[in-house]
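My notes follow in the order in which I looked things up.

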Amino acid sequence: MDSVGVYGFCGCTAKNKVKCDSRWEITASEMAPTSAYSSPARSLGDTGVTPLSPSHTVNDADPNVSEQQAFLVVVAVDFGTTSSGYAYSFTKEPECIHVMRRWEGGDPGVSNQKTPTTILLTPERKFHSFGYAARDFYHDLDPNEAKQWLYLEKFKMKLHTTGDLTMDTDLMAANGKKIKALEIFAYALRYFKEQALKELSDQTGSEFENSDVRWVITVPAIWKQPAKQFMRQAAYQAGLASPENAEQLIIALEPEAASIYCRKLRLHQMIELSSKAAVNGYSASDTVGAGFAQAKEHIRRNRQSRTFLVENVIGEIWSELEEGDKYVVVDSGGGTVDLTVHQIRLPEGHLKELYKATGGPYGSLGVDYEFEKLLCKIFGEDFIEQFKIKRPAAWVDLMIAFESRKRAAAPDRTNPLNITLPFSFIDYYKKFRGHSVEHALRKSNVDFVKWSSQGMLRMSPDAMNALFKPTIDSIIEHLRDLFQKPEVSTVKFLFLVGGFAEAPLLQQAVHAAFGDQCRIIIPQDVGLTILKGAVLFGLDPTVIKVRRSPLTYGVGVLNRYVEGKHPPEKLLVKDGTRWCTDVFDKFISADQSVALGELVKRSYTPAKPSQLVIVINIYSSELDNVSFITDPGVKKCGTLRLDLTGASGTAVPTRREIQTLMQFGDTEIKAMAVDIATSKSVKVGIDFLNY
């Protein structure tokens with residue numbers, strides 16, 4: 001086969017001819033994220049492409065974007081770090097959102113509308129149970145037997161913290177054994193799929209098929225692209241959708257989902273933080289904060305009901321917003337805190353993302369880590385590490401006991417909080433150290449934690465509040481940075497959502513820091529806000545009209561070599577023409593606004609009329625200012641391979657046009673190349689895991 005290549009012009013004058021790197025095959029080893037790999041042009045001979053006539057951006061939305069497959073029901077899965085759940089709505093009754101059946105089990109002091117994100121595999125590594133069932137079964141196992149079982153919790157954070165995430169990334173179970181992350185995520189999603197389909201079948205009285213369901217899975221907006229793609233791959237493995245029918249699954253960003261739901265809020269469905277602190281995230285049903293007129297209408301749903309009516313109206317709070325008004329959604333969950341800034345576009349009330357999502361690992365897990373650090377300080381790090389390995393089920397028990405007391409923490413609390421230590425903790429400590437837990441507490445110099453005669457750790461309210469402080473400080477600091485940005489000045493509302501938003505200590509801190517800058521609103525059932533918003537997003541994915549691109553995207557090209565401008569090592573002489581290799585031809589910049597379905601087009605033509613194939617490689621970078629595909633941080637994330645045969649019998653122009661299109665604005669990005677002469681086309685999804 002002849003060498004692969006394309007010619008064209010990049011929107012410049014004819015003098016500034018360009019060749020595109022469309023012709024290079026690059027192995028994964030060559031695609032290191034730094035410039036450590038050799039120039040693809042050097043390694044693969046004469047295979048050039050030149051852009052044709054001015055490249056142009058087409059801002060029209062793709063007409064196919066709005067064509068939705070007909071589904072009977074939308075099911076959204078909120079796969080959280082600490083707890084998970086699903087909700088659904090029939091497309092014929094979009095105003096009714098049903099939250100999943102109540103789960104078996106539960107903890108004192110913890111409402112169980114969702115279930116813990118815990119999973120248990122048998123010693124043979126087969127799925128056993130999920131949620132409370134997994135935790136309770138694991139707890140009841142004999143300690144020696146428990147060591148053989150694989151128990152995992154809070155594993156979602158691994159996708160955020162792993163820099164080089166791949167399909168082969170491992171997770172570690174409580175017993176120290178490793179298992180593929182993809183397998184665990186697929187098991188969990190398959191479990192939700194089976195639960196939801198069973199509930200739908202029971203409710204409708206007939207067998208419900210998976211093909212009738214549009215699935216929505218929520219992920220943090222601050223996750224990097226590989227993590228978002230990983231979730232989609234896990235969903236394919238779990239059978240929610242398939243690569244051939246990718247539209248059946250939508251990946252929704254958690255704060256976007258929350259934002260969509262907050263638009264629908266009525267006065268009785270939220271609490272405005274006023275000088276009078278809300279108790280545990282709720283105020284009396286008829287007084288909703290000092291800033292509002294008294295809301296006298298009855299709460300139209302019973303507290304126990306799992307069906308929520310979402311009226312097809314703009315909520316009262318929304319009616320106060322005008323064209324161009326801005327608001328911040330702070331989604332504080334178990335693992336991460338996500339901040340997004342949206343702007344209203346009237347008359348439909350569509351949303352525009354004003355500033356790219358920011359945040360970090362400042363979820364409620366941070367409070368658990370502080371508690372663990374406190375235990376290490378009192379009992380010794382060596383003991384705590386050994387206890388976790390030798391008595392994994394008892395460690396889980398201890399953290400459950402802490403969780404319920406953590407939820408009792410409040411700014412004005414005066415009485416101490418008691419945390420029960422499992423018997424095996426007391427027993428194992430005595431064997432390990434040769435003295436009692438009480439003795440350890442006495443000599444630890446941690447004066448705000450005492451030992452009570454009932455076998456409990458007694459923490460003063462100040463001690464508990466101190467465990468929250470580092471995490472809450474990080475959230476407030478991050479919000480302060482955000483409020484400094486010009487795009488975020490003049491924000492009208494701050495919506496505080498997510499499970500951690502129920503914490504009175506966080507509510508108070510946010511109100512104290514920002515109560516004089518904007519109005520702070522907390523939806524009732526704040527832990528379900530994302531779930532309900534994700535259902536609404538699945539019913540109408542076009543509601544978010546403008547997003548910010550998280551990355552810079554482009555392809556590699558060859559430019560005419562300019563002495564003094566281009567580095568000498570990039571010089572490539574072919575047939576008497578001097579080319580600069582590896583130039584990054586930008587399609588879109590990081591943090592650039594992109595409309596839903598926005599298309600960016602480039603036109604290329606093969607370097608040789610005899611060429612049979614072209615290959616266009618797509619690259620991405622977190623940086624805006626990228627010059628070469630060999631720059632540090634530039635990664636290959638897609639390949640378009642187009643067969644140019646089959647044009648015999650038709651008059652092929654001497655300068656054959658190959659159009660390259662990238663479609664942005666969705667939570668995922670698609671690319672396509674079209675041979676104008678034959679109408680042959682090839683599509684590809686951007687891939688961050690397999691290059």
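I looked up Arg442 and found a relative accessibility of 60%, so in this predicted model Arg442 counts as exposed, the cut-off being over 50%. Its side chain meets that of Glu438 in a salt bridge, at 3.7 Å from N to O, and Glu438 counts as partly exposed at 37% relative accessibility. Both residues lie in helix α13 (residues 437–443), four residues apart, which is about one turn of the helix. I also noted a network in which salt bridges with shared partners join Lys154, Asp368, Glu403, Lys406, Arg407 and Glu502.

Next I searched the whole structure and found 23 salt bridges. One of them joins Asp78 and Lys114, with 3.0 Å between the closest N and O atoms. This pair links distant parts of the chain, since Asp78 is in strand β5 and Lys114 is in the loop between β7 and β8, 36 residues apart. Are these two residues buried or exposed? I found that both Asp78 and Lys114 are buried.

I then turned to Lys492, which forms a salt bridge with Asp325, again with the closest N and O atoms 3.0 Å apart. Here Lys492 is partly exposed at 31% relative accessible area, whereas Asp325 is buried at 13%.

Last, I looked at an open sheet of three strands, in the order β10-β9-β11 with antiparallel pairing. Because β10 and β11 stand at the edges with a single partner strand each, one side of each is left without a neighbour in the sheet. Between β9 and β10 I found three bridges, and Leu121 stands opposite Phe127 in β10.

Terms used: Residues numbered from 1 in each chain as written. Predicted model: local features only at pLDDT ≥ 70, side-chain atom pairs only at ≥ 80, totals over all residues. Heavy atoms only, no water. Pairing = 2+ DSSP bridges. Helix = DSSP H or I, 4+ residues; strand = E, 2+ residues; numbered from the N terminus. Salt bridge = Lys/Arg side-chain N within 4 Å of Asp/Glu carboxyl O. Buried < 20%, exposed > 50% of the residue type's maximum accessible area, 1.4 Å probe, protein only.
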